[in-house]
Every structure is written in C-alpha cells, then in structure tokens.
Amino acid sequence: MNEDGIPVETVDYWMKKSRENLEFVREIKDRYTDIAISRLYYAAFYIVLAYATLKGEKYRKHSGIMNFLFEKVIREGLIDKKFSRLYRELYYSREEADYTTEAIFDPDEVMHLLSRTEEFINEMERLIKGEMKTG
C-alpha cells in the first residue's frame, strides 16, 4: 500500500499478469487457438481485476468482475462501450474453448481478438495509471 492506501503492488501484479497473457497469446496464436482464446479472456479479466483492486472492490466470481466492468467502468463512461461487446465475446469464447470438445477458432479470428483485446488493455492501463497518479 502506498501512503494513500492504494494496494499498488497488487494492482501492478494483475497488470503484469494481463500483459504476460497477451505475450503468451502472441507466441501460440497460430498453433493453439483454443488456448489463445482462453488466455485472451484472462488478459482482459486480469486488467479489470487490477482496476477493481485499485477501487477497493473484491469479487470471487467472473460474473462479479464482468458486472464491475459494465456498471462501474463502461456505464460511467470511463472507457468506450464497444469494450463491453468485446469482453462478452471473450467470456463466452473462453467458455467454449475451455469446456467444449468442438471448439475450433480460426487463427485470423484469434489475431482480430488479440488486436481488440490489446486495445482494451491499453485503455484500462491508461485509466489505472491516471487514477494512481491522482489518487
């Protein structure tokens, strides 16, 4: 915690995990598309978890993080609403990739989601860093 009571180390940890997942997807995207999809979701999940931590929020379920994103970030206009569609798409694609035997994802689709997810993470990092400076 810093002098303002912000758990900086924990926020940094989740931000780092988000970036590591993006990097991993770049390495495997052409061969293991189902794993890449799952890791893209987690990259997005971890960056939202970082912001929730910064705001003093705690959630035990993925649905709690999703609701936090929709209610406290997107609805409040802190980032573009197009990211709600992306997050939902990642959430349901991850479920398909992790829990079905029929999951097949085209490498081009993975590349497109990678690009959009990176844009989302960049926006969330901008938000987090801005609040940490002013917090």
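Let's begin with a term: a residue is partly exposed when its relative accessible area falls between buried, under 20%, and exposed, over 50%. E123 has 25%, so E123 is partly exposed. One caution: this is a predicted model.

Stay with E123. Its side chain meets that of R126 in a salt bridge, 2.9 Å from N to O.

How many salt bridges does the whole structure hold? A search finds 13. One of them joins K82 and E119, with the closest N and O atoms 2.7 Å apart. K82 is in helix 4 and E119 in helix 5, so this pair ties together parts 37 residues apart in sequence.

Now R94 and D98. Their closest N and O atoms are 3.5 Å apart. Is R94 buried or exposed? Buried, at 5% relative accessible area. D98 is partly exposed, at 36%.

There is also a network: salt bridges link R19, E23, R26, E118 and E125.

E96, E102, D106, D108 and E109 form a negative patch. D106 lies in the loop between helix 4 and helix 5, and is partly exposed at 41%. D106 is also among the contacts of T33, along with F105, P107 and V110, once neighbours within four places in sequence are set aside. T33 belongs to helix 2 and is buried, at 14%.

Last, a nonpolar surface patch: F24, Y32 and I35, with about 260 Å² of accessible area together. Y32 sits in the loop between helix 1 and helix 2.

Definitions and conventions:
Residues numbered from 1 in each chain as written. Predicted model: local features only at pLDDT ≥ 70, side-chain atom pairs only at ≥ 80, totals over all residues. Heavy atoms only, no water. Patch = residues over 30% accessible without salt bridge, like charges linked within 9 Å, V, L, I, M, F, W, Y side chains within 5 Å. Areas by Shrake-Rupley, 256 points an atom, 1.4 Å probe, with all protein chains shown as cover. Salt bridge = Lys/Arg side-chain N within 4 Å of Asp/Glu carboxyl O. Lys, Arg positive; Asp, Glu negative; His and termini not counted. Charge placed at Lys NZ, Arg CZ, Asp CG, Glu CD. Helix = DSSP H or I, 4+ residues; strand = E, 2+ residues; numbered from the N terminus. Buried < 20%, exposed > 50% of the residue type's maximum accessible area, 1.4 Å probe, protein only. Contact = heavy atoms within 4.5 Å.
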